[in-house]
Amino acid sequence: MDVPLPHLDRPFDYLVPDTLDADARAGVRVKVRFAGQLVDGWLLERVAESAHPRLAYLEKVVSPVPVLAPEVAELARAVADRYAGSLADVLRLAVPPRHARVEKDVTATDPTGADATPPTAADSAAPASASVDAGPAASGPVDPRGWRDYPAGPAFLRALTAGRAPRAVWSALPGEDWADRYADAVAATVAGGRGAVIVVADARDLDRLDAALTAVLGSGRHACLSAAAGPARRYRAFLAARRGDVPVVIGTRAAMFAPVERLGLVAIWDDGDDLHAEPRAPYPHARDVLLTRAQLAGVAALVGGYARTAEAQLLVETGWAREVVADRATVRARMPAIAPTGDDPHLARDPGAASARLPSLAWTTARDALRADLPVLVQVPRRGYLPSVACDDCRAPARCPHCAGPLALPSAEGVPACRWCGRVAAAYACPECGGRRLRASVTGARRTAEELGRAFPGVPVRTSGREEVLATVPAGAGLVIATPGAEPVAEGGYGAVLLLDSWALLTRADLRAGEEALRRWLAAAALARPGPAGGRVVVVADGALAPVQALLRWDSAWFATRELAERRELGFPPAVRMASVTGVADAVADLLAGTRLPDGAEVLGPVPADEGRERMLVRVPRARAAALAGALHAAAGQRSARKAADPVRLQIDPLSLF
């Protein structure tokens, strides 16, 4: 039942009246009476007998279309157990809300669609080509030319075509067209008579992958699932996948549960992007959902990116997956020339580089690229104009007099306003010294564009960020100021890439600060031309730092190995399993008191959370992860059965621990 109460997280038996017998099939939406109310539910299975002597009847079959596939129901149960959640919460993520008009249109075009019998186990044992029309891609082996720079790449494609289940962690080369490589892997899977599910982080990546797949498979051979597409388009694409009209589904994290017949490959691009983490209970991560799906279904898996996460490195070190990487000679030939500004030789030539936002090396690199009629990309971690300001006299941070939130300047002529409550502080006076002048503490993308526009007069300046994301920029001299994740692709590649304000990424109080900084730098640096073609990258940071060293050598595998070793030593995910319990102090203590923690569990905390709440952390070895999740879910069920007033949020391996 679609009821968000942990103690009701189990199937219930109901009788099916004769009037609903034809429509009441596994996977359909139903309404049942429970505790005197009509509630929504999912029909999981039809059986002949029940152990319960008295049963109520189904009230209604909402739709005769079986939208919940058996494989997805099994996956949803496994994900709920993995994240100490409820099946109903996972099913809300797995199946989009019903859109009656779309459903009527789809079934009207194929009247047998609503009445078609779902595939059975016997059908699954039939030859793969019996249900999936491979189309043009099935005419012969996929050309592995794009994967030849990776010694294990062609073998990976051959295994997909042969119907095997290879598992790979792929480190993409600089300048690699990752969408084309994923399209090759999908084409190889479809050529073997199987389907695929590919998950990307955002709409821009989805558009890029959509174009690559259309070029390889042809139009109408895949469906795009994204919450941003709107209810009607999303539900239409979902029904196309559920009915087997398309063998491939791509999308953002909404696609991780997509139903695909004869599934042969699950893949995710840039698994370190925090957009892959679902913000709704039970907070699953798309990477873990896809890997669970690969394990349950025995299918191939591909985890790719320019950077490698500690979680992906764990897959390699445990032998669950094989790494697909290029040799060092190929990496050196493809990567741009990368230089830091904070090491001793540069400081000797430019003593001001230690404090300058745009050291002389970065300035001259940009100038030389513009003179060569090449575009220049400048990555700035913060959006806006001046997102943080301080008193010009005493350097005290400027705070809102009403809520103590940080003040920001929206433009050169604007007045300071609070980033929390939005109140304008036109008459701001520093409470420490009484000063009324403000100075920049953090410089945003728009202020950077303004400054560089003055430094390079006559050069076109474009910005790409949250307000407007550019997909591509033309070749020729020009400045592109972008926030991380919004960097457009330049025709022929950028002549120079400047990575500014590295301190904003490296000094965050976060377990993944170094990993995230490297991921963002590599994504931007990958857009530069190769070094022999004039590509240059300048990172404003000390070259002795581990993330900077990994960038200089383009060796994210080395950094991931180092990160994983440190987390093993300190006892942090993914080396261990960690649960976060957040709520008011009494509620957190009540839940933990009723939890039968497994042997070896460590309770850490409390640490402050937000809005007067606190957080406790529970750490266990990975071998006891299932026991921990089950114990926490059972304790949450006991609290909901007692109708405890204060809610508690449970998260397993959250991205942010502190």
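**Aromatic Contacts and a Helix Pair**

Good morning. I begin with a contact between a charge and a ring: the charged end of R553 sits over the ring of W558, at 4.4 Å from the ring's centre. Please keep in mind that the structure shown here is a predicted model.

A second contact of this kind involves R167 and W320. Here the charged end of R167 sits over the ring of W320, and 4.1 Å separates that end from the ring centre.

Let me turn to pairs of aromatic rings. How many aromatic pairs does a search of the whole structure find? The search finds 13. A pair of aromatic rings is described by two quantities, the distance of the centres and the angle of the planes.

Consider F12 and F34 as one example. Their ring centres lie 5.3 Å apart and their planes meet at 70°; angles over 60 degrees count as edge-to-face, so this pair is edge-to-face. F34 belongs to strand 1, residues 29-34, whereas F12 lies in the segment before that strand, so the pair ties together parts that are 22 residues apart in sequence. Are these two residues buried, exposed or in between? F12 is partly exposed, with a relative accessible area of 24%. F34 is likewise partly exposed, with a value of 23%.

W147 and Y150 provide another aromatic pair, with 5.8 Å from centre to centre and 55° between the planes, and this pair is tilted. Both W147 and Y150 are buried. These two residues also belong to one aromatic cluster, together with F156, W170, W178, Y182, W269 and Y306.

Two packed helices are described by the angle between their axes and the distance between the axes. Helix 16, residues 513-525, packs with helix 18, residues 556-570, at an angle of about 170°, and the axes are 11 Å apart. Angles over 145 degrees count as roughly antiparallel, and helix 16 is therefore roughly antiparallel to helix 18.

Which residues make this contact? Helix 16 contributes G514, E515, L518 and L522, while helix 18 contributes S556, F559, E563 and R567. Sorted by class, the contact comprises three nonpolar, two polar and three charged residues.

Finally, I would like to point out A329. This residue is found in helix 11, which covers residues 328-334. A329 is partly exposed, with a relative accessible area of 49%. Along the chain, A329 and V540 are 211 residues apart, and their C-alpha atoms are separated by 26 Å.

Thank you for your attention.

Terms used: Residues numbered from 1 in each chain as written. Predicted model: local features only at pLDDT ≥ 70, side-chain atom pairs only at ≥ 80, totals over all residues. Heavy atoms only, no water. Axes fitted to C-alpha atoms, helices over the stretch in contact; angles between N-to-C directions. Helix = DSSP H or I, 4+ residues; strand = E, 2+ residues; numbered from the N terminus. Parallel < 35°, antiparallel > 145°, perpendicular 65-115°, else oblique. Contact = heavy atoms within 4.5 Å. Nonpolar A, V, L, I, M, F, W, Y, C, P; charged D, E, K, R; others polar. Phe/Tyr/Trp six-rings, centres within 6.5 Å; stacked < 30°, edge-to-face > 60°. Buried < 20%, exposed > 50% of the residue type's maximum accessible area, 1.4 Å probe, protein only. Lys NZ or Arg CZ within 6 Å of the ring centre and 35° of its normal.
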